[in-house]
Amino acid sequence: MSRSAFPELPPGFRFGAATAAYQIEGAHDEDGRGPSIWDTYSHTPGRTLGGATGDTACDHYHRYPEDVALLRELGVEGYRFSISWPRLLPDGTGAVNPKGLDFYDRLIDELLAAGIAPAVTLYHWDLPQALEERGGWRVRETAEAFADYAALAAERYGDRVERWITLNEPFCSAFVGYAEGRHAPGAREGRGALAAAHHLLVAHGLAVRELRAAGAREVGITLNLDRLHAASDRSEDLAALRRAEVLHNEVWTEPLFAGRYPEHEAETWEGLADGPWRRPGDLQLIGAPMDFVGINFYRPITVEAVPHREDDPEPRTAMDIGVAEPNPYGTRLTTMGWPVVPSALTGLLRGLHSRYPQLPPVWITENGSAEADTVAPDGRVHDEERIDYLAGHLAAVVDAIAAGVDVRGYYVWSLLDNFEWARGYEQRFGLVRVDYDTLTRIPKDSYHWYRGLITAHRARTEEPAR
Ligand code: FCB
């Protein structure tokens, strides 16, 4: 396909853009917001690249009218953003912060006035620090606190929100945050992080219940499921692949879509598989029907065995699974070091569809690429690689739909360059460049391409007026 060709999605397919609170809002201590684990983590020396924090980020908290105007110009029908839990509930539970509630009222109303449907993520990794101090996701009380927060948000915004996403990528919250410690809260508890994984699923189930009770329109979860391959046919690598399938995928998909725990989980979790955090009734709670599932997809992963060395002073952190280098796919890498393999997205979606008869309709809730963008002498950002990446992945969605997968829409990651977690501000995922000195926004060529795609889609699929 030529670089600028527009993939042809079916009539009714919807296009949007996505962001997350901690990555763009800034105003970290303004108007009564409490600290989250990402404030604590990013302020701890050595945790993020160059000591970057989200204190200011894109200053979206103050500049949201400008950002909504960018969305309107882009022509998207939907915008996925997250609510900062500690902006609404500074201590995680108890006293509500009225100014925090007001901020999202203003944002939602601004979106609706621009004809854009809000899709709200309730948890995009910014746990109130106060709850972490009481055990964080290690304890069930955090899931119960999450349910109260979900009820508060649904009550306040439910009349205007089209789509609710309980959790974003619980894999990262549980295993990157509590097993490997590369994300907040920076815990290195290895397999013990299974407790966090389970409590996140319980939190999801309790929140679904609250959202339903409040009459929410569409309710789902966003997962970063992975298309995994083994680095070689060596038995160690094949065993690592089996553990990785449990860790990355089945720990989520089996309870959510099949009402059971993974069949071959014991090898991954060793003695912890059936831990005391699992309670009777949990599977029923977690497996309650959803209206959609969000899938975030960036790249396939090749895994290899990384044996734990007896003399390693660190606890076992990554379940002895490594991501193989170098890139075995022979394709280009983004600046994240991620191989660009669009067909892996088709494979992932087809695999899910054939494995789970109960799979709800799919929304791609994130997909995009970080590239080495620069501002050209003409003042523009000519990000051909990103256009190529997006075109390829949307074509992969077309293929999945042709194979029978019910994919309803796509939110590009991301509207803006933003705080890329431990990687700080060097990785630029935006359709819009952010100059972090002046906070000026410059729409990149990919922004104009995406707008053209949406316009062409509408022209091609909308019923002609009679
Ligand atoms: C996903 C996160 C999102 C962003 C992208 C690049 O894992 O959900 O916040 O950082 O990766």
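1. His124 and the ligand. In this predicted model, an N or O atom in the side chain of His124 is 2.8 Å from an oxygen atom of the ligand. Taken alone, the ligand exposes 300 Å², and the protein buries 95% of that. His124 sits in the loop between S3 and helix H6 (129-132). His124 is buried, because its relative accessible area is 1% and the cut-off for buried is under 20%. The side chain of His124 also makes a polar contact of 3.0 Å with the side chain of Asn168. Asn168 is itself one of the residues around the ligand.

2. Glu169 places a polar side-chain atom 2.6 Å from an oxygen atom of the ligand. For Glu420, an N or O atom of the side chain is 2.6 Å from an oxygen atom of the ligand. Both Glu169 and Glu420 belong to the set of residues around the ligand.

3. The rest of the ligand shell. Which residues are around the ligand? Gln23, His124, Trp125, Asn168, Glu169, Asn296, Tyr298, Glu366, Trp413, Glu420, Trp421 and Phe429. By class, this shell has 5 nonpolar, 4 polar and 3 charged residues. Asn168 falls in strand S4, which covers residues 163-168. Asn296 falls in strand S7, residues 292-296. Glu366 falls in strand S10, residues 362-366.

4. The barrel. In what order do the 8 strands close into a barrel? The order is S1-S2-S3-S4-S5-S7-S10-S11, and the pairing is parallel. From one strand to the next, the twist averages 25°. The next two points take one strand each, with its partners.

5. Strand S3. This strand spans residues 117-123 and is mostly covered, with 7 of its 7 residues buried. S3 pairs with strand S2 (residues 78-82) in the parallel sense, over 5 bridges. The loop with His124 lies between S3 and helix H6.

6. Strand S7. Are the residues of S7 buried or exposed? The strand is mostly covered, and 5 of its 5 residues are buried. Phe292, Gly294 and Asn296 point one way, while Val293 and Ile295 point the other way; all are buried. One of these, Asn296, is around the ligand. S7 and strand S5 (residues 218-223) pair in the parallel sense over 4 bridges. Leu223 has Ile295 in S7 as its bridge partner. S7 and strand S10 (residues 362-366) also run parallel, joined by 4 bridges. Across that pair, Gly294 stands opposite Trp363 in S10.

7. A second sheet. The model also has an open sheet of 3 strands, in the order S6-S8-S9, with mixed pairing. Strand S6 (228-230) and strand S9 (321-323) are at the edges. Why is one side of each left without a neighbour in the sheet? Each has a single partner strand, so one side of S6 and one side of S9 have no neighbour in the sheet. The twist here averages 40° from one strand to the next. Strand S8 (residues 301-305) pairs with S9 in the antiparallel sense, over 3 bridges. Val303 has Val323 in S9 as its bridge partner.

8. An exposed helix position. Gln284 is in helix H12, which covers residues 282-286. Gln284 counts as exposed because its relative accessible area is 67%, and the cut-off for exposed is over 50%. Leu256 is 28 residues from Gln284 along the chain, and their C-alpha atoms are separated by 9.2 Å.

9. Recap. The barrel is closed by 8 strands with parallel pairing, whereas the open sheet has 3 strands with mixed pairing.

Definitions and conventions
Residues numbered from 1 in each chain as written. Predicted model: local features only at pLDDT ≥ 70, side-chain atom pairs only at ≥ 80, totals over all residues. Heavy atoms only, no water. Near = heavy atom within 4 Å. Polar contact = N/O pair within 3.5 Å; in protein donor to acceptor, adjacent residues only side chain to side chain. Areas by Shrake-Rupley, 256 points an atom, 1.4 Å probe, with all protein chains shown as cover. Nonpolar A, V, L, I, M, F, W, Y, C, P; charged D, E, K, R; others polar. Buried < 20%, exposed > 50% of the residue type's maximum accessible area, 1.4 Å probe, protein only. Pairing = 2+ DSSP bridges. Axes fitted to C-alpha atoms, helices over the stretch in contact; angles between N-to-C directions.
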